[in-house]
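Reader: I would like to learn how to read a structure like this one, feature by feature. Could you walk me through it?

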Amino acid sequence: MHSGNSSDPLVERRRASDQPSNAELHKMLTEIHAAVMDLKRGHDATLTAFTTNDLGKPDLDGHRKAHLGMIHAAKVMDTYKTEAVKKVLGYVVAFIIGLVVTGGTDKIRDLVAGKPAAVAAK
């Protein structure tokens with residue numbers, strides 16, 4: 001049992017000089033209030049970037065869904081682009097193989113060298 005000894009750390013109370021004054025408390029609360037109001041103004045400014053829903057509130061969920069839709073559309077477009085590039089490369093490779101097989105590369109080489117087509121055939 002405690003003997004009422006004021007030196008006991010569990011019982012000792014803060015001295016009045018350790019307590020902030022009312023003026024100091026008021027100043028701290030004023031600073032905290034100003035900081036909260038700055039955060040609120042920033043939050044309110046951010047919300048103006050969103051369209052409003054049928055309730056007149058910022059449509060945060062619709063904005064998120066719109067982004068999900070855009071992400072999906074971009075993925076689909078990337079798939080189409082990849083498939084188109086594969087097809088074009090396939091056609092180019094097939095064309096080059098066709099030139100090599102039919103001797104078209106020799107004809108092109110002769111044309112580039114300036115030989116007439118009739119002379120190149122002989």
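Predicted model: local features only at pLDDT ≥ 70, side-chain atom pairs only at ≥ 80, totals over all residues.

Reader: Which residue does the side chain of D44 meet in a salt bridge?

Author: The general idea is that side chains of opposite charge can pair when their charged atoms come close. In this case the partner of D44 is K40, with 2.9 Å from N to O. K40 is partly exposed as well, at a relative accessible area of 44%. Both D44 and K40 belong to helix 1 (residues 22-47), where they sit four residues apart, about one turn of the helix.

Reader: How many salt bridges does the count come to?

Author: The count is six salt bridges. Let's look at some in helix 2. One of them joins D61 to K65, and their closest N and O atoms are 3.3 Å apart. Again the spacing is four residues, about one turn of the helix, with D61 and K65 both in helix 2. D61 is partly exposed, its relative accessible area being 39%.

Reader: And K86, with which residue does it form a salt bridge?

Author: K86 pairs with E83, and the closest N and O atoms lie 3.7 Å apart. A salt bridge is counted within 4 Å, so the 3.7 Å of this pair qualifies. Here the two residues, both in helix 2, are three residues apart, about one turn of the helix.

Reader: Is K86 buried or exposed?

Author: K86 is exposed, because its relative accessible area of 52% passes the cut-off of over 50%. E83, at 38%, is partly exposed. There is also a network in this model: salt bridges that share partners link D61, R64 and K65.

Reader: Let's move to the fold. How many helices and strands does the secondary structure come to?

Author: There are four helices and zero strands. Along the sequence, this reads as α-α-α-α.

Reader: How do I describe a pair of helices, and at what angle do the axes of helix 2 and helix 3 cross?

Author: Two packed helices are described by the angle between their axes and the distance between the axes. For helix 2 (residues 60-102) and helix 3 (residues 104-113), the axes come within 5 Å and cross at roughly 85 degrees. Helix 2 and helix 3 are therefore roughly perpendicular to each other.

Reader: Which residues of helix 2 and helix 3 meet?

Author: From helix 2 come L99, V100 and T102, which meet G104, T105 and I108 of helix 3. By type, the residues of this contact are three nonpolar, three polar and no charged.

Reader: Last topic: what percentage of the residues of the chain count as buried?

Author: Of the 122 residues, 4% count as buried. The accessible surface of the chain is about 10,900 Å², with 65% of that belonging to carbon and sulfur atoms.

Note on methods
Residues numbered from 1 in each chain as written. Heavy atoms only, no water. Axes fitted to C-alpha atoms, helices over the stretch in contact; angles between N-to-C directions. Parallel < 35°, antiparallel > 145°, perpendicular 65-115°, else oblique. Contact = heavy atoms within 4.5 Å. Nonpolar A, V, L, I, M, F, W, Y, C, P; charged D, E, K, R; others polar. Buried < 20%, exposed > 50% of the residue type's maximum accessible area, 1.4 Å probe, protein only. Areas by Shrake-Rupley, 256 points an atom, 1.4 Å probe, with all protein chains shown as cover.
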